[in-house]
Amino acid sequence: MDPNFVEGLHNLLLQSISNDTVRLKAATAQLNKEFYKNPACVPALAKIIASSPEIAVRQLAAVEMRKRVAQNSGDLWTQTAQGDREQIKTQLPDLILAETNSLVRHSTARVIAAIAAIEIPTGTWPQLLPFLTQTAVSPQVSHREVGVYILFTVLESIVEGFQEHLQSFFKLLETLLQDPESSDVRVTTVRALGTIAQYIDADDKADIRSFQVLLPSMIQVIAQTLESGDESNARHLFDVLETLLILEIPLLGQHVPQIIQFLLQCGGNRNLDGDLRVLSLNALTWTVQYKKSKIQSQNLGSAILEGLMPITTEEEPEDIDDDAPARSALRIIDALATSLPPSQVFPALRGQIQQYFTSTDANYRRGAMLALGVSVEGCSEFMTPLMPHVWPVIEAGLQDPDAGVRRATCIAVSCLCEWLEDSCVERHAVLVPTIMNLVSDSATQRAACAALDALLEILHDHIDQYLGLIMERLAGLLETAPVPVKAVVTGAIGSAAHASKEKFLPYFQPTMERLKHFLVLTGEGEETELRGITMDAVGTFAEAVGKDVFRPYFNDLMTQAFQGIEMGSARLRECSFLFFGVMARVFGEEFAPSLPAVVPPLLNSCKQEEGGHETPTLSTADAAAAFASGSSPANAIAVVDESNTDGEIDIEDIDLDKMLEVNSAIAVEKEIAADTLGTLFAATGSHFLPYVEQTTLELVGLLPHYYEGIRKSATDSLLEIIRTFYGLSNPPDWVPGNTTQPIDQHVMELIQHSVPALLDMYESDDNKGVVSALCVGLAETINKIGPIFLEKYLDQFCSIAVQILEQKAICQQDPDQDESEEAPEDQAEYDSVLISSAGDLVAAMANALGPSFAQAFNTFFPLIAKYYKKNRSLSDRSASIGCLAEIIAGMKGAITPSTEPLLDLFYRALGDADAEVQSNAAFATGLLVANTEQDLSPQFIPLLGALRPLFEVAPDAATARFNARDNAAGAVARLILRNTAAVPLDQVLPVLFGALPLKNDFLENRPVFRAIVHLFGTTPQTLLPYIDLLLQVFAHVLDPNAADQVGDEVRAELIQLIGLLNADFSGKIQAAGLAAFLPGA
């Protein structure tokens, strides 16, 4: 080895650790140019590690040697002379044992790992494993620390080469977990086991059992690091635990309850540092997410809630971005509510809330309210019948003597408004005045404005009585409130505009005057948020007042939106994109001249790299995990830096939290950009055609993105683009089952480019929301384009629906659940949404294929019917019957062979306890009678008996009861149309006509009025007693000042009937106000 080369390299390394930037840059440039491309640098760096008196130089030499060995698949290493390589392999282990500095030891260990990654697979370093095992059991503690650390770093690189040694490793590591002298040995042992775990195969039962034996000791090591306050090592160990939770192999097995108990104990221990407690609780979040079936099968939800509730009573930090045990506990309650069947969550939680809310300690009452709020999303359907018991607690909380409790209750109200709209609207007379009082109180102002915002969003016509007071109160706050409150107030005004629509007109101009200076704010933080929310609100105003009133403001506001894009804030770009979408919807084709300026920034947003070029990026899996959980990724594995061709950097070397913050903001921006592109095409039509190809390419490129929001937006927009493009091609009306219909070549090319990418995404997508959006979007597209859309993809679409209905899609899988094991019937409400969306897809295929769907129906019928069981949720039961109704409507007479089993099922559903299911059952029954070729006349009397209770509806009944009555009326009308003689009209008509006019489901007016027209034509004498009532009903549904309730065809039939009736009842027709519909009028 040339000593001059070694000396030159050493001097440049010394220069590299200088604080002089100029010297550092010069040294780096010379190293890269003259040394690091030469294989001689490898033995030279080894020499410097062995001999340099400078710790920093030895450390840097080790770091650089690892890079040189690893880069380009080990090219420089293999170019190094064989003798030098052997010498290095012999000397490095001894060097590392003699090294006194831990940083140099660790960096040198990674050099050994890099060499081992090349040498072990080829069997050219047989001495390494014996050295590691001997060193790891050395009587000298420092040697044990070195030995296990090298073992850990080597295993990170090449577990595959050591798999035949796993059993001996388990024995060795079992001893090291109990090391009496060194916590470093114990911690590194757990990390090594975490690495081994990733390479255990599901079929290796012996390895799985051996690993599981070690789990209690591994948990004990985590406990020791927490007790000693060793945050750095605790983070490493929780990374290991999270890795074990994520793995598809069920390594944790029967230990899940003990792990949960341990994490709850640590999370609730107020003697521990807050950050360590948050680590424990974050791990519990992962446990809920990834061990759902274990928690569900062992009914652990109530025990977890019992452990979490005391933590919710702790104080939260002022800064919303700061984490704390209380916030972590609330996140876990949210995760439980959305992951488990609500029957395993809400009853237990309700008991805890009642207990806590009666406490004299305000912190307990506050915790109860916050827990209630976060549980609503996952338990809304389950909670609906219980709301009469919940509202007294809410109303008491809004008037609690403690401001913190009142604020927490406002947060709970915001959640209730989002997920239980009807229930909240029913309470408007109490909620609006109470919340308005809290808006006036500085202690509750911000939270109360947020609650008011959520409530106004859903009030619709009820806002009329409050609008003047609300606008007066909120307008005053725009002048006097602090900036964060102004932002929430502005959002509330936007919601008031949304609810009041044209009634907002008197307030529009003065409000714009008050808000306009918010749109030119340039400060960061709170000012950015206020500017963004104002842009959102102004878009809502435009939708409320219409394009003609808004037009004078359009150009100035578009300018502000473009300036927002240029300000370097992902949040402002997001708000500008939303604004563009709203403007396109409001102005339609008038927006087209703005497309050349609007589309490029949207496409640029889709293309941008998250975190910028300087930030190393996470692997897709880790980034997705981190994004979803709000915590660090599970694996402390290496992170690839695309700008660094020298290999990898350690995840510990980057500010992961900061990186994820940046990534999150940009990911949400891209989500909005992707969504807006579809909106623009739908709104501007042919004007968008020049951008379709590039937009499609960008959206397809986003389908594999780690963030589910982007995948969902890209999916929605791609399918929106296909539907819009198809609509612009002037297609003929499609015929069910005709897959040879002509279709524009460009539309087909778009389909063939987009659909395979969507199908690829489905195959690996683990997010239920994305898969649900895909099913709903495909259903809409099939209904729009018809059977030609299914020509090449029918089998794949059927496979998607079958997998979801069998609960075997990737997004439904639980690693702890045996593949042959039937999924539990009781499931989370989010799971029901996915099942319903699969039903939409099946119904759309039946609609497009018509009678040709008969063979596929034989597969789908049992899969759909199994969701109608008494222990299934309301959503499942309702979706099951509703889906079958839509299938019958599509298949028509081809449904005949399944008539009897369908009728049996619908009889049961007509007797369901819930009106929503009864409504769907009535609809389905009517369609079956109307479409089957089997004569069901013998069933008419029992069917009428089953439908009769649905006509008994109290005036103050829930909306679902009126829906059920309307659908029952439609079903009776279809029976009359099918076989009038089989219906006892003298008993049936008084009940049927007593339900008119229909209140909710106006589609059922069509069979009802067709039946009436039919009866006038066949047995007019039966209708004479009801002529006055019927003429009033005709006048109601034909009112030209009301929304259409009957459709053009039925309207024409009714008008013709009125003309015929005029011969005998002209006076009655005049009295009913129907003269305007007479011929010649």
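How far apart in helix α30 are R571 and E574, in residues and in helical turns? The two are three residues apart in helix α30 (residues 570-587), and therefore separated by about one helical turn.

1. Basis of the note. This is a predicted model, in which local features need pLDDT of at least 70 and side-chain atom pairs count only at pLDDT 80 or more, while totals for chains, interfaces and linings use all residues. Residues are numbered from 1 along each chain as its sequence is written, and side-chain values use heavy atoms, with hydrogens and water left out.

2. R571 and E574 form a salt bridge, with their closest N and O atoms 3.2 Å apart; the term denotes a side-chain nitrogen of Lys or Arg within 4 Å of a carboxyl oxygen of Asp or Glu. R571 is partly exposed at a relative accessible area of 22%, whereas E574 is buried at 13%. Buried means under 20% relative accessible area, exposed over 50%, and partly exposed in between (1.4 Å probe, protein chains only). Helices (H or I, at least four residues) and strands (E, at least two) are DSSP runs, numbered from the N terminus.

3. Other salt bridges. The structure holds 40 salt bridges. One of them joins the side chains of E119 and K89 (2.9 Å, N to O). This pair links distant parts of the chain, 30 residues apart, with E119 in helix α6 (residues 102-119) and K89 in helix α5 (residues 82-98). Both E119 and K89 are buried. A further salt bridge is formed by R365 and D400, whose closest N and O atoms are 2.7 Å apart. Here R365 lies in helix α19 and D400 in the loop between α20 and α21 (403-419), 35 residues apart. R365 counts as buried at 10% relative accessibility, as does D400 at 6%.

4. Cavities. The whole structure contains four cavities of 30 Å³ or more. On a 1 Å grid over the protein atoms alone, a cavity is a set of points where a 1.4 Å probe fits but cannot get out, and a pocket is an open set with protein on both sides within 12 Å along at least five of seven lines; lining residues have an atom within 4 Å of a point. The largest cavity holds about 70 Å³ of space. F346, R350, I353, Q354, L372, H389, V390 and V393 line the largest cavity, and α18 supplies the largest share, four residues. The second largest cavity holds about 50 Å³, and its lining includes L805, I835 and C883.

5. Second largest pocket. About 1200 Å³ of space lies in the second largest pocket; a volume is the space filled by probe spheres set on grid points, which are joined across faces, edges and corners. Of the 38 lining residues, E381, T384, P385, L874 and D914 are the closest to the centre of this pocket. Helix α41 gives the most to the lining, with five residues.

6. Surface patch. W419, Y830 and V833 form a nonpolar patch on the surface, with about 260 Å² of accessible area together. Patches are made of residues with over 30% relative accessible area and no salt bridge, like charges being joined within 9 Å and nonpolar side chains (Val, Leu, Ile, Met, Phe, Trp, Tyr) within 5 Å. Accessible areas come from the Shrake-Rupley method with a 1.4 Å probe; for residues, only the protein chains shown count as cover. V833 belongs to helix α39 (residues 829-849) and is partly exposed at 45% relative accessible area.
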